[in-house]
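User: I would like to go through the labels attached to this model and see what each one rests on. Please set each value against its rule.

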Amino acid sequence: MRKKRASRETLGLTRAEFAVLRRLRTPERIQRFLYGLQQNFEQRGETCNSVRTVLRERRAHCIEGAMLAACALWIHGEAPLLLDFQAVHDFDHVVAVFRRNGRWGAISKTNGIGLRWRDPVYRTLRELAMSYLHEYYNKRDRKTLRTYSRPYDIRRMKPERWVTAADGAWDLVDALEATRHYKLMTPAQARRLIRRDPFEREVGNLLQYRRRKKKR
């Protein structure tokens, strides 16, 4: 049974903002919309922009895209769930997760190849998280993914703190970090992980959007 849909009034969005998200009726449409957003390279400093800010600026990085995806899912009566991946010597990654026929999938905003959309074919969230392991690496070519979180239902947080917040959704970052995380491997297994080879490095370095040079 689907949960109650989020209304425009509940979210605090304008009619135009709400209309954009209401057109994203399926996870596939949400993902295409995220692919079309420019990458947020945080050239003016670290950000965690709200859904409203992402809609206005048409750019996002992972947690910003995941919030927008979760918001669109909620509008269409699905649970707005986020999954947090933690890494060592690397950045964390956040995706929005959904279920189809008892299987998990993920909606993701990323600039590279490996950490993108996942089809809803995974029986458990652990299976889904493990699908990101091989492509989750840092600039030294080491595989860095170590834990995944319990799904965080973003309805636990007031919409004004993540949907329309003018100064960023930083409370959500804290909430995700505080959510219980589960280890994907033992320390011994982590030590045996091999690095990317030169071919993997070449392919993995492909980017969808290039960082714009700052104007002098």
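User: What makes Arg8 and Glu9 a salt bridge?

Analyst: The closest N and O atoms of Arg8 and Glu9 are 3.6 Å apart. A salt bridge is a side-chain nitrogen of Lys or Arg within 4 Å of a carboxyl oxygen of Asp or Glu, so the pair qualifies. By this rule the structure has ten salt bridges. This is a predicted model, in which local features need pLDDT of at least 70 and side-chain atom pairs count only at pLDDT 80 or more, while totals for chains, interfaces and linings use all residues. Residues are numbered from 1 along each chain as its sequence is written, and side-chain values use heavy atoms, with hydrogens and water left out.

User: Why is Glu9 called exposed?

Analyst: Its relative accessible area is 58%. Exposed means over 50%, buried under 20%, and partly exposed in between (1.4 Å probe, protein chains only), so Glu9 is exposed.

User: What does the salt bridge between Glu17 and Arg52 tie together?

Analyst: The two side chains meet at 2.9 Å, N to O. Glu17 lies in helix H2 and Arg52 in helix H4, so the pair ties together parts that are 35 residues apart in sequence. Helices (H or I, at least four residues) and strands (E, at least two) are DSSP runs, numbered from the N terminus. Glu17 counts as buried because its relative accessibility is 14%, and Arg52 counts as partly exposed because its value is 23%.

User: Which residues join Arg56 in a network of salt bridges?

Analyst: Arg56 forms a salt bridge with Glu57, the closest N and O atoms being 4.0 Å apart. Salt bridges that share partners join Arg56, Glu57 and Arg59 into one network. Arg56 is exposed at 57% relative accessibility, and Glu57 is partly exposed at 29%.

User: Which residues touch the most other members of the largest nonpolar core?

Analyst: They are Leu21, Trp162 and Leu172, in a core of 43 residues. A nonpolar core is a set of buried Ala, Val, Leu, Ile, Met, Phe, Trp, Tyr and Cys residues joined through side-chain atoms within 4.5 Å. Helix H5 gives the most to this core, with twelve residues. A second, separate core of 21 residues includes Phe85, Leu115, Leu125 and Leu133.

User: Where is Val203 found, and how exposed is this residue?

Analyst: Val203 is in helix H9 (residues 198-204). The relative accessibility of Val203 is 34%, so this residue counts as partly exposed.
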